[in-house]
Amino acid sequence: MVHCPESDSILFVSSPFLNGLEGLTGRDLFISDIPLHDATRDVILVGEQARAQDGLRRRMDKLKSSIEETNRAVDAEREKNVSLLHLIFPPDIAKRLWLGETIEAKSYPNVTMLFSDIVGFTAICSTATPMMVINMLQNLYERFDQFCGQLDIYKESINAPN
């Protein structure tokens with residue numbers, strides 16, 4: 001408190017007790033209402049800066065977690081793709097496909113072709129895993145070949161053009 005003899009009054013100088021920018025605006029005050037050299041101004045500004053940095057840090061942590069989760073999902077899908085390539089193609093061909101290399105077509109002098117239809121194949125595929133379908137077809141055609149050999153069934157041989 002300061003006594004002003006000219007006006008015979010007492011000047012009371014103080015700083016409001018505030019716990020952040022919300023407390024300041026809640027009293028219809030602005031940061032410019034606090035004197036430049038008042039420590040309250042610095043406390044408010046430092047507090048707001050810390051709060052903003054905490055919010056930014058939280059958002060960055062969420063983004064980092066999201067990116068890490070997405071990377072794990074991409075890695076899992078990549079592994080599935082590699083596994084599928086290795087199931088379908090011989091290892092050397094699968095590797096070359098994965099690396100994006102071109103693969104020359106090969107010709108064979110003798111090829112056996114079988115055109116067949118399996119009743120209910122779509123329904124079977126809808127309830128089975130891809131590996132189950134592959135194993136089922138493998139077993140089916142191996143047995144078919146065995147029966148053809150046992151019954152001495154005629155297989156027409158067509159030579160492929162070179």
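Here is a close look at one helix pair and its setting.

Analyst: Start with the ground rules. This is a predicted model, where local features need pLDDT of at least 70, side-chain atom pairs count only at pLDDT 80 or more, and totals for chains, interfaces and linings use all residues. Residues are numbered from 1 along each chain as its sequence is written, and side-chain values use heavy atoms, with hydrogens and water left out.

Now confidence. pLDDT is the predictor's confidence in each residue, from 0 to 100. The protein chain averages 83, and 90% of the residues score at least 70. Where pLDDT is low, the predicted coordinates should not be read in detail.

Next, the layout. The protein chain has five helices and four strands. Helices (H or I, at least four residues) and strands (E, at least two) are DSSP runs, numbered from the N terminus. From that end, the order is β-β-α-α-α-β-α-α-β.

Now the pair itself. Two packed helices are described by the angle between their axes and the distance between the axes. Helix H2 (residues 39-88) packs against helix H3 (residues 91-98) at about 140°, and their axes are 8 Å apart. Axes are lines fitted to C-alpha atoms, for helices over the stretch in contact, and angles run from 0 to 180 degrees between N-to-C directions. H2 and H3 are therefore oblique to each other. Under 35 degrees counts as roughly parallel, over 145 as roughly antiparallel, 65 to 115 as roughly perpendicular, and the rest as oblique.

Which residues meet? H2 brings Arg78, Asn81, Val82, Leu85 and His86, and H3 brings Pro91, Ala94, Leu97 and Trp98. Contact means heavy atoms within 4.5 Å. Six of the contact residues are nonpolar, two polar and one charged. Ala, Val, Leu, Ile, Met, Phe, Trp, Tyr, Cys and Pro count as nonpolar, Asp, Glu, Lys and Arg as charged, and the others, Gly among them, as polar.

Look at Asn81, in helix H2. Asn81 counts as partly exposed because its relative accessibility is 40%. Buried means under 20% relative accessible area, exposed over 50%, and partly exposed in between (1.4 Å probe, protein chains only). Of the 162 residues of the protein chain, 10% count as buried.
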